[in-house]
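Welcome to this short tour. Open your viewer, get the selection tool ready, and follow along stop by stop.

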Amino acid sequence: MLFDREQAPRVMTPEQEEVVHNQGMRILSEIGLDVLHDDMLKLLAEAGQTVEGNRVRFDPEWVMAQVALAPHTFTLHARNPANSVEVGGGTPLYMGVGGPPFFSDLDEGRRGGTLEGHDTMIKLTQAAPPLNCAQTGACEPVKMDVHTRHLDMEYSTLRWSDLPYTTYGTSGPKARDGIEMARIVHGGDLAGRTALMGVVNSVSPLIWDFRMVDALWAWAESNQATVVTPFLLGGATAPVSVAGGLAQQVAETLSGIALAQLVRPGAPCLYGSFFQATDMRTGAPAFGTPESIFGIFGGAQLARRYGLPFRGGGALTGANVVDAQCGAEAAFMLWATLLAGTDVVLHAAGWLEGGLVASCEKFALDVELLEQFTIQMRGIGMSEEELAFDMLAEAGPGGLILASEHTSQHFKEWLYMSPLFTTQDFTTWNAAGAEDTAQRANRLWKKLLASYEDPGIDADLDAELLAFMERRKAEPPPDEDS
């Protein structure tokens with residue numbers, strides 16, 4: 001099989017993998033990390049770790065014992081039980097972009113994110129067959145109150161989609177609001193079930209700040225999944241070398257998982273990888289480079305070593321428009337993502353301009369790539385009908401296979417004809433309007449949005465969600481930094 005998780009490419013020999021692991025353990029024990037959360041520092045000291053001020057030097061054996069507590073797989077429960085999925089069980093989760101403050105399409109151009117834009121991205125996610133997970137924060141409504149707009153985005157995800165999802169959580173209070181809203185849509189009690197995933201990013205290099213630790217604490221204590229992902233830019237927030245970056249990733253990721261297990265042993269965690277090169281000409285992240293690809297394969301290899309589900313990759317690009325650079329970088333990144341056997345793929349559709357923009361045309365392009373990859377993942381059919389001996393015998397040498405009944409019966413089933421990429425000759429293409437890929441993508445995302453079917457929501461649950469949001473918006477903003 002082309003995408004066999006057990007045969008995923010390895011970028012490190014067993015000996016090299018051991019070197020990276022040992023270097024990560026050395027970082028933990030000799031350099032340590034700053035943990036800017038007093039309650040977590042108390043837990044770490046009680047657990048026997050060396051705490052001096054905010055600096056924590058970790059016992060590698062203790063860290064590995066903590067990591068071993070995290071489950072190898074877990075069920076992520078959707079409000080529609082038919083959409084629940086076992087994370088780490090062989091079914092990859094693909095979701096749209098998350099976090100961009102801008103929204104764009106060819107009709108109105110690049111503009112500040114709005115709640116309407118967020119709704120659009122969630123509905124596109126629900127409608128796109130390759131996507132099986134939603135992501136809150138698909139487009140940040142920048143003109144809404146920063147203290148409460150997370151509630152509106154969370155509601156958007158829960159109202160317009162019934163897929164499993166990644167929550168919004170840039171602080172402990174915001175994470176707890178998301179958990180409470182998940183409880184509401186699951187009937188008031190999660191009963192120990194994992195109903196959402198939340199992402200924490202260490203402040204690289206080697207810091208766990210208060211907001212991220214507090215969010216991690218909230219998810220872990222309620223048995224929700226934490227995607228521990230250092231944001232590593234080679235040459236900027238991590239060593240310029242891939243090996244050095246992977247070792248730092250080991251230290252930061254495993255320390256974060258250890259923190260989650262301190263709060264609640266057995267809390268689900270994912271090994272997250274976001275290692276990208278830095279373009280030293282601009283200081284911006286560079287996507288689709290060899291270093292980015294090594295980061296995906298290396299991260300996946302290390303996640304398998306530690307027996308953890310892996311988050312990595314995505315249709316990432318630094319391009320500013322849907323052009324050749326955009327398509328090439330997204331394709332490079334997605335190929336690596338799938339070949340690495342990635343379990344959870346954030347930003348699988350719609351990411352543009354280094355993650356600053358949620359693009360509808362880019363969403364359509366990425367969905368097309370994922371459609372083709374999905375077919376490739378199925379492999380080659382080997383039925384008698386597909387081997388086609390009888391058809392060849394009937395046609396004989398020099399026969400017209402194009403006119404055969406076998407071809408007419410099966411070409412729609414066995415030949416993929418892209419709705420986005422065309423094979424017309426120049427004259428026909430030019431006469432039809434000379435549309436480029438971005439223009440065709442503009443039509444396709446609109447068609448996809450028109451196909452959206454509202455999954456609906458129970459009226460009582462909806463009313464309870466709205467009442468919770470209204471109550472929270474009327475309260476003074478919580479202190480998110482202490």
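Select Ala258 to begin: its relative accessibility is 0%, so this residue counts as buried (under 20% relative accessible area, with a 1.4 Å probe and protein chains only; exposed is over 50%, and partly exposed in between). This is a predicted model, in which local features need pLDDT of at least 70, side-chain atom pairs count only at pLDDT 80 or more, and totals for chains, interfaces and linings use all residues. Residues are numbered from 1 along each chain as its sequence is written, and side-chain values use heavy atoms, with hydrogens and water left out.

Now show helix H8, residues 242–263, which holds Ala258; helices are DSSP runs (H or I, at least four residues), numbered from the N terminus. Ala258 and Gln66 are 192 residues apart in sequence, yet 5.1 Å apart in space, C-alpha to C-alpha.

Next, go to Phe294 in helix H9, residues 290–306. Is Phe294 buried or partly exposed? Its relative accessibility is 41%, so Phe294 counts as partly exposed. Select Val11, Val242 and Gly299 too: Phe294 touches them, leaving out residues up to four places away in sequence.

Key:
Helices (H or I, at least four residues) and strands (E, at least two) are DSSP runs, numbered from the N terminus. Contact means heavy atoms within 4.5 Å.
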